[in-house]
Amino acid sequence: MRLWFIPLIYSLLSSPVWAWSDHASLLWPLVRTQPELLSPSLEVESLDAFLQAEASGLAELLNSHEAMSRATLSHYASRPEGLAFSADADDLRDAFLRAIRVNPELAYPLYRQSTVEDPAVPPLKAQRFDDLSFLDGGVSHDSIVYIALESGEHVAPAHVLASGSDEPDFGMDIGLFADNDTEFGAGYGFGDQPFGNPNLEYSSQAPFHMGFYHLDWVTRKAQPDLLRTYPEWRVSLFRALSRFAFETGHDYWGWRFAGWGLHYIGDLTQPYHAHPLPGVGTMKGIWTVLRGKTVDAIQLVSNRHGVLESYQYQRVQKALEEKSWDNIILAAVARGEPVPEFNERTVRDELTKESVDAGKDLDLALVVDMPPRYVSDPAFEWNGSGEEAAIVVTVASDRGEIAIETLDAVIAEQMLRFSRFAQAWINDAKQAWSADS
Ligand SMILES: [Zn+2]
(Lines give C-alpha, C1' and ligand atoms only; values in the text may rest on other atoms or scores of the structure.)
Protein backbone atom coordinates (compact mmCIF):
# COMPACT_ATOMS: atom_id res chain seq x y z
CA MET A 1 0.00 0.00 0.00
CA ARG A 2 2.86 2.36 0.59
CA LEU A 3 3.49 2.27 -3.14
CA TRP A 4 0.15 3.88 -3.67
CA PHE A 5 0.95 6.79 -1.46
CA ILE A 6 4.60 7.59 -1.86
CA PRO A 7 4.09 9.51 -5.10
CA LEU A 8 0.88 10.95 -3.69
CA ILE A 9 2.71 12.41 -0.77
CA TYR A 10 4.93 14.40 -3.05
CA SER A 11 2.59 15.32 -5.85
CA LEU A 12 -0.64 15.95 -3.98
CA LEU A 13 0.66 19.23 -2.72
CA SER A 14 3.15 20.32 -5.26
CA SER A 15 0.70 23.04 -6.22
CA PRO A 16 -0.74 26.03 -4.36
CA VAL A 17 -3.22 24.91 -1.75
CA TRP A 18 -5.85 27.60 -1.53
CA ALA A 19 -9.07 25.55 -1.37
CA TRP A 20 -11.65 28.24 -2.05
CA SER A 21 -9.58 31.18 -3.24
CA ASP A 22 -10.14 34.57 -1.66
CA HIS A 23 -12.20 33.51 1.36
CA ALA A 24 -13.12 37.09 2.20
CA SER A 25 -15.01 37.69 -1.06
CA LEU A 26 -16.62 34.27 -0.86
CA LEU A 27 -17.99 35.04 2.59
CA TRP A 28 -19.38 38.42 1.59
CA PRO A 29 -22.76 37.25 0.17
CA LEU A 30 -23.45 35.55 3.50
CA VAL A 31 -22.56 38.41 5.85
CA ARG A 32 -23.80 41.35 3.77
CA THR A 33 -27.41 40.67 4.81
CA GLN A 34 -26.81 40.46 8.57
CA PRO A 35 -27.43 44.00 9.87
CA GLU A 36 -25.77 43.55 13.27
CA LEU A 37 -22.53 42.71 11.47
CA LEU A 38 -22.59 45.71 9.17
CA SER A 39 -22.48 48.73 11.42
CA PRO A 40 -18.99 49.96 12.27
CA SER A 41 -19.25 49.06 15.93
CA LEU A 42 -15.73 47.73 16.55
CA GLU A 43 -12.86 49.87 17.69
CA VAL A 44 -9.71 48.81 15.90
CA GLU A 45 -6.94 47.74 18.27
CA SER A 46 -3.40 46.60 17.54
CA LEU A 47 -2.26 43.12 18.48
CA ASP A 48 0.32 44.64 20.81
CA ALA A 49 -2.31 46.64 22.70
CA PHE A 50 -4.51 43.58 23.08
CA LEU A 51 -1.62 41.47 24.36
CA GLN A 52 -0.42 44.13 26.80
CA ALA A 53 -3.89 44.54 28.26
CA GLU A 54 -4.66 40.85 28.69
CA ALA A 55 -1.32 39.08 29.02
CA SER A 56 -1.94 37.22 32.26
CA GLY A 57 -5.44 36.02 31.38
CA LEU A 58 -4.14 34.95 28.01
CA ALA A 59 -1.37 32.88 29.58
CA GLU A 60 -3.97 31.01 31.59
CA LEU A 61 -6.28 30.53 28.64
CA LEU A 62 -3.52 29.18 26.40
CA ASN A 63 -2.36 26.76 29.07
CA SER A 64 -5.81 25.35 29.62
CA HIS A 65 -6.40 25.11 25.87
CA GLU A 66 -3.15 23.20 25.49
CA ALA A 67 -4.17 20.76 28.23
CA MET A 68 -7.56 20.29 26.55
CA SER A 69 -5.94 19.71 23.13
CA ARG A 70 -3.62 17.06 24.54
CA ALA A 71 -6.50 15.31 26.26
CA THR A 72 -9.05 15.37 23.47
CA LEU A 73 -7.47 15.70 20.01
CA SER A 74 -6.14 12.51 18.49
CA HIS A 75 -2.74 12.81 16.77
CA TYR A 76 -2.23 16.23 18.35
CA ALA A 77 1.39 17.45 18.45
CA SER A 78 1.91 18.86 21.93
CA ARG A 79 3.25 22.37 22.27
CA PRO A 80 6.78 22.25 23.72
CA GLU A 81 6.79 23.58 27.30
CA GLY A 82 9.33 26.26 26.47
CA LEU A 83 6.82 27.91 24.14
CA ALA A 84 4.16 28.42 26.81
CA PHE A 85 3.05 32.06 26.78
CA SER A 86 4.25 34.11 29.73
CA ALA A 87 2.89 37.51 30.70
CA ASP A 88 6.46 38.41 31.72
CA ALA A 89 7.92 37.88 28.26
CA ASP A 90 10.11 40.74 27.02
CA ASP A 91 8.49 40.63 23.61
CA LEU A 92 4.82 39.76 24.16
CA ARG A 93 3.97 39.67 20.48
CA ASP A 94 6.74 37.24 19.58
CA ALA A 95 5.96 35.11 22.62
CA PHE A 96 2.27 34.99 21.71
CA LEU A 97 2.83 34.08 18.05
CA ARG A 98 5.21 31.29 19.09
CA ALA A 99 2.84 30.05 21.79
CA ILE A 100 0.06 29.64 19.24
CA ARG A 101 2.64 28.32 16.79
CA VAL A 102 1.98 30.50 13.75
CA ASN A 103 4.60 32.07 11.51
CA PRO A 104 6.10 34.80 13.74
CA GLU A 105 7.60 36.73 10.82
CA LEU A 106 4.32 38.13 9.50
CA ALA A 107 3.29 41.57 10.77
CA TYR A 108 -0.41 40.82 11.52
CA PRO A 109 -1.13 44.49 10.76
CA LEU A 110 -4.42 46.41 10.95
CA TYR A 111 -6.23 46.20 7.62
CA ARG A 112 -9.34 44.95 5.96
CA GLN A 113 -10.15 43.70 2.49
CA SER A 114 -12.32 45.93 0.30
CA THR A 115 -15.52 44.45 -1.14
CA VAL A 116 -17.37 45.04 -4.40
CA GLU A 117 -19.75 47.22 -2.39
CA ASP A 118 -17.06 49.58 -1.10
CA PRO A 119 -16.49 52.96 -2.72
CA ALA A 120 -13.09 53.42 -4.38
CA VAL A 121 -10.29 53.08 -1.84
CA PRO A 122 -8.21 56.28 -1.36
CA PRO A 123 -4.71 55.61 -2.74
CA LEU A 124 -3.03 56.47 0.56
CA LYS A 125 -4.95 53.70 2.32
CA ALA A 126 -4.77 51.11 -0.44
CA GLN A 127 -2.59 48.06 0.08
CA ARG A 128 -1.76 45.04 -2.02
CA PHE A 129 -1.21 41.38 -1.18
CA ASP A 130 2.53 42.04 -1.38
CA ASP A 131 2.24 44.44 1.56
CA LEU A 132 0.64 41.76 3.73
CA SER A 133 2.30 38.51 2.74
CA PHE A 134 5.64 37.09 1.62
CA LEU A 135 3.79 34.67 -0.69
CA ASP A 136 3.10 35.03 -4.38
CA GLY A 137 -0.56 36.13 -4.62
CA GLY A 138 -1.26 34.58 -8.01
CA VAL A 139 -4.45 35.01 -10.04
CA SER A 140 -6.76 35.21 -7.05
CA HIS A 141 -4.95 37.67 -4.78
CA ASP A 142 -2.94 40.08 -6.89
CA SER A 143 -5.99 42.11 -7.92
CA ILE A 144 -7.44 42.56 -4.41
CA VAL A 145 -7.33 46.00 -2.81
CA TYR A 146 -6.84 46.03 0.96
CA ILE A 147 -7.49 49.01 3.20
CA ALA A 148 -5.04 50.00 5.94
CA LEU A 149 -6.75 50.61 9.30
CA GLU A 150 -5.55 52.56 12.31
CA SER A 151 -5.97 51.98 16.04
CA GLY A 152 -9.05 53.74 17.34
CA GLU A 153 -11.00 53.93 14.11
CA HIS A 154 -14.23 51.98 13.74
CA VAL A 155 -14.95 49.03 11.51
CA ALA A 156 -17.82 46.58 10.97
CA PRO A 157 -17.64 42.99 12.26
CA ALA A 158 -18.51 41.71 8.76
CA HIS A 159 -15.34 43.31 7.36
CA VAL A 160 -13.11 42.07 10.17
CA LEU A 161 -14.56 38.55 9.99
CA ALA A 162 -14.37 38.31 6.19
CA SER A 163 -10.85 39.75 6.00
CA GLY A 164 -9.68 37.55 8.87
CA SER A 165 -11.09 34.48 7.13
CA ASP A 166 -8.56 34.88 4.32
CA GLU A 167 -5.59 35.66 6.56
CA PRO A 168 -4.41 32.08 7.19
CA ASP A 169 -3.57 31.94 3.48
CA PHE A 170 -1.11 34.83 3.91
CA GLY A 171 1.62 32.57 5.30
CA MET A 172 0.49 32.07 8.89
CA ASP A 173 0.94 28.30 8.57
CA ILE A 174 4.03 28.32 6.35
CA GLY A 175 7.31 26.95 7.63
CA LEU A 176 6.05 25.39 10.87
CA PHE A 177 7.62 21.95 10.47
CA ALA A 178 11.05 20.84 11.64
CA ASP A 179 12.28 20.21 8.09
CA ASN A 180 11.02 23.50 6.64
CA ASP A 181 14.37 25.16 7.23
CA THR A 182 13.00 27.87 9.51
CA GLU A 183 14.32 28.71 12.97
CA PHE A 184 10.79 28.65 14.46
CA GLY A 185 9.70 25.44 12.69
CA ALA A 186 12.69 23.67 14.26
CA GLY A 187 11.23 24.31 17.70
CA TYR A 188 7.45 24.13 17.23
CA GLY A 189 7.08 20.42 17.95
CA PHE A 190 5.19 19.43 14.79
CA GLY A 191 7.98 17.13 13.62
CA ASP A 192 8.82 16.76 9.94
CA GLN A 193 6.22 17.76 7.41
CA PRO A 194 3.89 14.75 7.15
CA PHE A 195 3.17 15.11 3.43
CA GLY A 196 3.83 17.51 0.62
CA ASN A 197 7.20 18.53 -0.69
CA PRO A 198 8.93 20.60 2.05
CA ASN A 199 10.86 22.56 -0.58
CA LEU A 200 7.83 24.14 -2.20
CA GLU A 201 6.60 27.51 -1.00
CA TYR A 202 2.96 26.71 -0.27
CA SER A 203 3.02 23.06 0.53
CA SER A 204 3.97 23.34 4.20
CA GLN A 205 0.61 24.90 5.10
CA ALA A 206 -1.31 21.93 3.69
CA PRO A 207 -1.37 19.80 6.86
CA PHE A 208 -3.03 22.75 8.60
CA HIS A 209 -5.57 23.42 5.84
CA MET A 210 -6.49 19.83 5.00
CA GLY A 211 -8.05 17.49 7.53
CA PHE A 212 -8.07 13.77 6.82
CA TYR A 213 -10.27 12.63 9.70
CA HIS A 214 -12.16 9.90 7.88
CA LEU A 215 -9.57 7.65 6.27
CA ASP A 216 -10.35 3.97 5.88
CA TRP A 217 -8.38 1.48 7.99
CA VAL A 218 -6.08 0.39 5.17
CA THR A 219 -4.94 3.94 4.54
CA ARG A 220 -4.56 4.67 8.25
CA LYS A 221 -2.32 1.63 8.62
CA ALA A 222 -0.37 2.12 5.42
CA GLN A 223 0.15 5.84 5.67
CA PRO A 224 -0.22 7.07 9.26
CA ASP A 225 1.44 10.39 8.38
CA LEU A 226 -1.81 11.41 6.69
CA LEU A 227 -3.36 11.50 10.18
CA ARG A 228 -1.10 14.36 11.20
CA THR A 229 -3.36 17.19 10.09
CA TYR A 230 -4.25 20.17 12.29
CA PRO A 231 -7.20 22.28 11.11
CA GLU A 232 -9.45 20.94 13.88
CA TRP A 233 -6.93 22.18 16.43
CA ARG A 234 -6.59 25.54 14.68
CA VAL A 235 -10.38 26.00 14.73
CA SER A 236 -10.56 25.13 18.41
CA LEU A 237 -7.65 27.41 19.32
CA PHE A 238 -8.99 30.40 17.43
CA ARG A 239 -12.46 29.82 18.88
CA ALA A 240 -10.96 29.92 22.38
CA LEU A 241 -9.02 33.11 21.56
CA SER A 242 -12.08 34.73 20.01
CA ARG A 243 -14.22 33.99 23.08
CA PHE A 244 -11.49 35.24 25.38
CA ALA A 245 -11.22 38.50 23.42
CA PHE A 246 -14.99 39.03 23.57
CA GLU A 247 -15.08 38.24 27.29
CA THR A 248 -12.37 40.76 28.02
CA GLY A 249 -13.95 43.49 25.90
CA HIS A 250 -11.65 43.36 22.87
CA ASP A 251 -14.37 42.88 20.28
CA TYR A 252 -12.17 43.71 17.30
CA TRP A 253 -9.90 40.77 18.18
CA GLY A 254 -12.94 38.65 18.98
CA TRP A 255 -14.04 38.97 15.35
CA ARG A 256 -10.56 38.79 13.87
CA PHE A 257 -9.77 35.50 15.66
CA ALA A 258 -13.22 34.27 14.62
CA GLY A 259 -12.19 35.08 11.04
CA TRP A 260 -8.99 33.09 11.41
CA GLY A 261 -10.93 30.05 12.60
CA LEU A 262 -13.50 30.41 9.84
CA HIS A 263 -10.75 30.02 7.23
CA TYR A 264 -10.18 26.37 8.16
CA ILE A 265 -13.90 25.67 8.26
CA GLY A 266 -14.15 27.03 4.72
CA ASP A 267 -11.21 24.94 3.53
CA LEU A 268 -12.68 21.77 4.97
CA THR A 269 -15.97 22.20 3.13
CA GLN A 270 -13.93 21.47 -0.03
CA PRO A 271 -13.98 17.68 -0.55
CA TYR A 272 -10.42 17.63 -1.90
CA HIS A 273 -9.33 19.07 1.47
CA ALA A 274 -11.13 16.45 3.53
CA HIS A 275 -9.85 13.34 1.73
CA PRO A 276 -6.58 12.74 -0.16
CA LEU A 277 -8.33 10.91 -3.00
CA PRO A 278 -12.05 11.77 -3.20
CA GLY A 279 -13.95 9.31 -5.31
CA VAL A 280 -11.26 6.63 -5.01
CA GLY A 281 -12.43 3.90 -2.64
CA THR A 282 -10.11 1.45 -0.91
CA MET A 283 -10.76 -1.36 -3.40
CA LYS A 284 -10.36 0.91 -6.38
CA GLY A 285 -7.14 2.20 -4.85
CA ILE A 286 -5.72 -1.28 -4.41
CA TRP A 287 -6.74 -2.22 -7.95
CA THR A 288 -5.10 0.95 -9.26
CA VAL A 289 -1.86 -0.03 -7.52
CA LEU A 290 -2.02 -3.56 -8.89
CA ARG A 291 -2.41 -2.26 -12.42
CA GLY A 292 0.53 0.07 -11.94
CA LYS A 293 -1.63 3.13 -12.53
CA THR A 294 -0.89 4.91 -9.26
CA VAL A 295 0.92 7.95 -10.58
CA ASP A 296 -1.79 8.50 -13.19
CA ALA A 297 -4.56 8.37 -10.59
CA ILE A 298 -2.81 10.91 -8.42
CA GLN A 299 -2.19 13.27 -11.30
CA LEU A 300 -5.88 13.14 -12.19
CA VAL A 301 -6.99 13.91 -8.64
CA SER A 302 -4.52 16.76 -8.43
CA ASN A 303 -5.80 18.19 -11.73
CA ARG A 304 -9.46 17.89 -10.66
CA HIS A 305 -8.66 19.63 -7.38
CA GLY A 306 -7.06 22.54 -9.25
CA VAL A 307 -9.71 22.70 -11.97
CA LEU A 308 -12.50 22.83 -9.37
CA GLU A 309 -10.89 25.71 -7.50
CA SER A 310 -10.13 27.70 -10.64
CA TYR A 311 -13.64 27.27 -12.03
CA GLN A 312 -15.27 28.12 -8.71
CA TYR A 313 -13.07 31.19 -8.30
CA GLN A 314 -13.85 32.49 -11.79
CA ARG A 315 -17.60 31.99 -11.39
CA VAL A 316 -17.74 33.58 -7.94
CA GLN A 317 -15.61 36.50 -9.07
CA LYS A 318 -17.74 37.22 -12.12
CA ALA A 319 -20.99 37.09 -10.14
CA LEU A 320 -19.54 39.36 -7.46
CA GLU A 321 -18.33 41.90 -9.99
CA GLU A 322 -21.81 41.96 -11.50
CA LYS A 323 -23.33 42.06 -8.02
CA SER A 324 -25.64 39.23 -9.10
CA TRP A 325 -26.73 38.32 -5.62
CA ASP A 326 -29.35 35.93 -7.04
CA ASN A 327 -26.74 34.03 -9.08
CA ILE A 328 -27.08 30.34 -8.17
CA ILE A 329 -23.64 30.18 -6.51
CA LEU A 330 -23.84 33.44 -4.54
CA ALA A 331 -27.41 32.64 -3.51
CA ALA A 332 -26.21 29.29 -2.16
CA VAL A 333 -23.51 31.03 -0.10
CA ALA A 334 -26.17 33.31 1.34
CA ARG A 335 -28.70 30.64 2.19
CA GLY A 336 -27.34 27.45 3.68
CA GLU A 337 -29.97 25.60 5.67
CA PRO A 338 -30.32 24.07 8.17
CA VAL A 339 -27.59 25.68 10.26
CA PRO A 340 -26.09 23.29 12.81
CA GLU A 341 -25.12 24.29 16.35
CA PHE A 342 -21.32 24.68 16.45
CA ASN A 343 -19.36 22.75 19.08
CA GLU A 344 -15.91 21.21 19.52
CA ARG A 345 -16.92 18.05 17.63
CA THR A 346 -18.47 19.80 14.63
CA VAL A 347 -15.35 19.85 12.44
CA ARG A 348 -14.64 16.16 12.84
CA ASP A 349 -18.08 14.61 13.23
CA GLU A 350 -20.17 16.71 10.86
CA LEU A 351 -18.29 19.07 8.55
CA THR A 352 -15.50 16.81 7.26
CA LYS A 353 -17.82 13.82 7.18
CA GLU A 354 -20.19 15.68 4.87
CA SER A 355 -17.30 16.85 2.69
CA VAL A 356 -15.95 13.33 2.33
CA ASP A 357 -19.42 12.06 1.45
CA ALA A 358 -19.78 14.75 -1.22
CA GLY A 359 -16.41 13.89 -2.82
CA LYS A 360 -17.51 11.03 -4.99
CA ASP A 361 -20.35 12.86 -6.78
CA LEU A 362 -18.27 15.98 -7.14
CA ASP A 363 -15.38 14.05 -8.68
CA LEU A 364 -17.77 12.34 -11.10
CA ALA A 365 -19.41 15.63 -12.11
CA LEU A 366 -16.01 17.08 -12.97
CA VAL A 367 -15.20 14.05 -15.12
CA VAL A 368 -18.48 14.34 -17.02
CA ASP A 369 -18.67 18.10 -17.52
CA MET A 370 -15.12 19.43 -17.66
CA PRO A 371 -12.99 19.18 -20.81
CA PRO A 372 -11.48 15.65 -20.76
CA ARG A 373 -7.97 17.00 -21.14
CA TYR A 374 -8.30 18.84 -17.82
CA VAL A 375 -9.69 15.98 -15.74
CA SER A 376 -9.03 12.67 -17.51
CA ASP A 377 -5.62 13.01 -19.12
CA PRO A 378 -2.82 11.99 -16.75
CA ALA A 379 -0.24 13.47 -19.12
CA PHE A 380 -1.67 16.95 -18.55
CA GLU A 381 -0.62 19.16 -15.63
CA TRP A 382 -3.25 21.74 -14.66
CA ASN A 383 -1.12 23.78 -12.31
CA GLY A 384 0.96 26.21 -14.23
CA SER A 385 -0.84 25.34 -17.48
CA GLY A 386 -1.80 29.01 -17.85
CA GLU A 387 -5.39 27.97 -18.55
CA GLU A 388 -6.88 29.06 -15.22
CA ALA A 389 -8.12 32.47 -16.32
CA ALA A 390 -9.91 31.16 -19.43
CA ILE A 391 -11.38 28.03 -17.91
CA VAL A 392 -15.02 29.10 -18.24
CA VAL A 393 -14.65 29.96 -21.94
CA THR A 394 -12.95 26.63 -22.57
CA VAL A 395 -15.66 24.67 -20.76
CA ALA A 396 -18.34 26.43 -22.81
CA SER A 397 -16.63 25.81 -26.16
CA ASP A 398 -15.65 22.20 -25.32
CA ARG A 399 -18.70 20.96 -23.45
CA GLY A 400 -21.38 23.52 -24.29
CA GLU A 401 -23.33 26.04 -22.21
CA ILE A 402 -25.22 23.19 -20.59
CA ALA A 403 -21.98 22.07 -18.90
CA ILE A 404 -21.66 25.53 -17.33
CA GLU A 405 -25.16 25.22 -15.96
CA THR A 406 -24.45 21.78 -14.53
CA LEU A 407 -21.10 22.78 -13.04
CA ASP A 408 -22.58 25.91 -11.48
CA ALA A 409 -25.21 23.73 -9.82
CA VAL A 410 -22.49 21.39 -8.55
CA ILE A 411 -20.50 24.32 -7.15
CA ALA A 412 -23.67 25.72 -5.57
CA GLU A 413 -24.13 22.41 -3.74
CA GLN A 414 -20.65 22.74 -2.25
CA MET A 415 -21.46 26.35 -1.34
CA LEU A 416 -24.56 25.30 0.59
CA ARG A 417 -22.29 23.25 2.83
CA PHE A 418 -19.87 26.17 3.12
CA SER A 419 -22.75 28.45 4.04
CA ARG A 420 -24.28 26.18 6.69
CA PHE A 421 -21.03 25.66 8.55
CA ALA A 422 -19.85 29.25 8.15
CA GLN A 423 -23.17 30.46 9.56
CA ALA A 424 -22.93 27.97 12.43
CA TRP A 425 -19.54 29.47 13.25
CA ILE A 426 -20.83 33.04 12.91
CA ASN A 427 -23.78 32.28 15.21
CA ASP A 428 -21.38 30.88 17.76
CA ALA A 429 -19.26 34.06 17.59
CA LYS A 430 -22.34 36.28 17.77
CA GLN A 431 -23.39 34.50 20.93
CA ALA A 432 -20.03 35.06 22.57
CA TRP A 433 -20.08 38.68 21.40
CA SER A 434 -23.53 39.51 22.71
CA ALA A 435 -22.98 37.64 25.98
CA ASP A 436 -20.25 40.14 26.76
CA SER A 437 -21.42 43.40 25.27
ZN1 LIG B 1 -6.41 27.56 3.34
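# Bends, contacts and buried residues

Biologist: In which helix is the place of lysine 430?
Modeller: This is a predicted model, in which local features need pLDDT of at least 70 and side-chain atom pairs count only at pLDDT 80 or more, while totals for chains, interfaces and linings use all residues. Residues are numbered from 1 along each chain as its sequence is written, and side-chain values use heavy atoms, with hydrogens and water left out. Helices are DSSP runs (H or I, at least four residues) and strands likewise (E, at least two), numbered from the N terminus. The helix made of residues 401-435, where lysine 430 has its place, is α18.

Biologist: Is lysine 430 buried or exposed?
Modeller: Buried means under 20% relative accessible area, exposed means over 50%, and partly exposed lies in between, with a 1.4 Å probe and protein chains only. Lysine 430 touches Gln34, Glu36, Leu37, Trp255 and Gln423, not counting residues up to four places away in sequence, where contact means heavy atoms within 4.5 Å. Because its relative accessibility is 15%, lysine 430 counts as buried.

Biologist: At which residue does α3 bend?
Modeller: A straight helix of 26 residues would span 38 Å at 1.5 Å a residue, whereas α3 (residues 47-72) spans only 29 Å between its end C-alpha atoms; the expected span is 1.5 Å times one less than the number of residues. A bend at a residue is the angle between axes fitted to the seven residues ending there and the seven starting there. In α3 this angle is about 80°, and the residue is alanine 55.

Biologist: Which helices do the buried residues of α3 pack against?
Modeller: Among the buried residues of α3 are Leu47, Phe50, Leu51, Glu54 and Ala55. The partners of these buried residues are α4 (92-99), α10 (231-247) and α11 (251-268).

Biologist: Which residues does leucine 73 touch?
Modeller: Leucine 73 has its place in the loop between α3 and α4, and it is buried, with a relative accessible area of 15%. When residues up to four places away in sequence are not counted, leucine 73 touches Met68, Glu232 and Trp233.

Biologist: Why does histidine 75 count as partly exposed?
Modeller: Histidine 75 is placed in the loop between α3 and α4, and its phi is positive, about 60°, although it is not a glycine. Histidine 75 counts as partly exposed because its relative accessibility is 40%.

Biologist: What is phi of aspartate 22 near?
Modeller: Aspartate 22 lies in the loop between α1 (2-11) and α2, and it counts as buried at 2% relative accessibility. In this residue other than glycine, phi has a positive value, near 55°.

Biologist: At what angle do α2 and α7 pack?
Modeller: The contact is made by Ala24, Leu27, Trp28 and Val31 of α2 together with Ala158, His159, Leu161, Ala162 and Ser163 of α7. Axes are lines fitted to C-alpha atoms, for helices over the stretch in contact, and angles run from 0 to 180 degrees between N-to-C directions. With their axes 8 Å apart, helix α2 (residues 23-31) and helix α7 (residues 157-164) pack at an angle of about 145°.

Biologist: Which residue does a cis peptide bond join to glutamate 337?
Modeller: The residue in question is found in the loop between α14 (328-334) and α15 (346-369). Omega of the cis bond is about -10°, and the residue joined to glutamate 337 is proline 338.
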